[in-house]
Amino acid sequence: MRIHIMGRHAHRTPFAYEPYKRLFRQRFDYVDTPEKADVILFGYVLNIDENAEELARLVKANPALRLVVVSEEPLWDTTNSGDFRKRHNIRKTGDHAFAFSAINHHTSKVYEFRSLPYFLTTEDEYYLRYAYEFGRNAAMAPGAFAEIWKQAGIRYAFFAENRDLVKKYSIAHPDIETYGLSVYRTDVAKAMPDKGTMRVGQGWGAKVTRQELPDWHLDKLLTLQGKSYIVSAIENTSQRNYISEKIFDAYACRGLPLIWAPASHRIHEFAPAGSCLNLFELSPADAAKKISGFKPTAATFEAYAEAQAGLYERFRKFDDFLDERIGFYERLSDELTAIVEEKPAPLP
């Protein structure tokens, strides 16, 4: 199958990451122009809108051409993608209508990981850094964390974009336990006292965005490592299998993580009760009170040390990490092959 990745979000789809490209090339032929493709892949449904005129020309020349959005980001799916639960859909944009298929956290099981979430497998650096940090942290006594938190100059750390109140970012789908948290976590960060609170990310006044840094992830670890007390790990969207680097960063930096997650969320596999603060169903004001009023106990330090030991076990064997990546590659390859063989949605 010949595939071509199109759109300004082309770098944000599983098929674009170099470790995965090396695997996917075993089953798919990456072509440099869309005219040669059997399937055009997008990372975000808006990329269809942005390329509507070219796509209309391509589909007219090749009616068998398939359009597939392979999304890794629930935020995009739930805000701008129409009915994000539908596997086959129609995108109406301007004078055009395109049949497309979607592989995302809700239309597919490809993101249901075994021991490590998909996002960490996109680059080797995540595994290598966490394996090193959790190895060191697991060797520390509970009391050592108590001393770090007591002396930490950064009392509360929030590394996330400042989102103004926009309705589309505050969606709620209780039936599938999917919730937009971008505005919520911004409101929590704003509700914290300025003294001792670090707010970093686009919209907080920085002259350089984190994406422009040579290594935004390493910069975050070095900024917070052993210098922070409570570190936000709240995602932009709460979805059962969607877990980015945030929770692992908090533990790697030896900070107490903030999460927002219902009981069914798989983040609890990495952040057991007692080793983090869960703000689930709290208003931003009540969340800020809980955070600023929290007093760790001996049980907190014990639970936190156990969480570090558990993370060390998960990151102790590089072969397990590679198996997770290969498993995702196999699931997504099978899914793309199957979805292309299915009938697309009929055009109106």
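1. Let's start with Y251. Setting aside neighbours within four places in sequence, Y251 is in contact (heavy atoms within 4.5 Å) with F134, N137, P257, F270, A271, P272, S275, C276, Y304, A307, Q308 and L311. Before going further, note that this is a predicted model, in which local features need pLDDT of at least 70 and side-chain atom pairs count only at pLDDT 80 or more, while totals for chains, interfaces and linings use all residues. Residues are numbered from 1 along each chain as its sequence is written, and side-chain values use heavy atoms, with hydrogens and water left out.

2. Y251 also turns up in the largest nonpolar core, where Y251 is listed with F15, L41, I247, F248, F315 and L336 as having the most contacts inside that core. The core has 83 residues, and helix α12 (residues 318-341) gives the most to it, with seven. A nonpolar core here is a set of buried Ala, Val, Leu, Ile, Met, Phe, Trp, Tyr and Cys residues joined through side-chain atoms within 4.5 Å. Buried means under 20% relative accessible area, exposed means over 50%, and partly exposed is in between (1.4 Å probe, protein chains only). Helices (H or I, at least four residues) and strands (E, at least two) are DSSP runs, numbered from the N terminus.

3. Now the sheet. Six strands make an open sheet with mixed pairing, in the order β2-β1-β3-β4-β6-β5. The edges are β2 (29-30) and β5 (88-93); each has a single partner strand, so one side of each has no neighbour in the sheet. Two strands pair if DSSP finds at least two bridges between them. For β4 and β6 there are three bridges, in the parallel sense, and V70 has I103 in β6 as its bridge partner.

4. Helices α4 (74-80), α5 (124-138) and α8 (216-224) each supply at least two lining residues, with the largest share, four residues, coming from α4. By class, the lining splits into 16 nonpolar, 11 polar and 16 charged residues. Ala, Val, Leu, Ile, Met, Phe, Trp, Tyr, Cys and Pro count as nonpolar, Asp, Glu, Lys and Arg as charged, and the others, Gly among them, as polar.

5. The second largest pocket holds about 220 Å³ of space. Of its 14 lining residues, V59, L65, F98, A99 and L347 are the closest to the centre. Two or more lining residues come from each of α3 (52-61), β4 (66-70) and β6 (96-103), and β6 gives the most, with four. This lining has 12 nonpolar residues, one polar and one charged.

6. There are also five cavities of 30 Å³ or more. On a 1 Å grid over the protein atoms alone, a cavity is a set of points where a 1.4 Å probe fits but cannot get out, and a pocket is an open set with protein on both sides within 12 Å along at least five of seven lines; lining residues have an atom within 4 Å of a point. Grid points are joined across faces, edges and corners, and a volume is the space filled by probe spheres set on the points. The largest cavity comes to about 80 Å³. D77, S81, F100, A102 and N104 are the closest to its centre among 13 lining residues, and β6 gives the most to that lining, with three.

7. Helix α7 (residues 182-191) is worth a look. Seven of its 10 residues are buried, so α7 is largely enclosed by the rest of the structure. Those buried residues are S182, V183, Y184, R185, T186, V188 and A189. Their cover includes α4, β7 (154-159), β9 (178-180), β10 (197-200), α9 (246-252) and α10 (284-293).

8. Finally, two single residues. S228, in strand β11 (residues 228-232), counts as buried at 0% relative accessibility. Beyond four places in sequence, S228 touches I148, W149, A152, I154, C253, R254 and G255. E54, in helix α3, is partly exposed at 29%, and its contacts beyond four places in sequence are M6 and P34.
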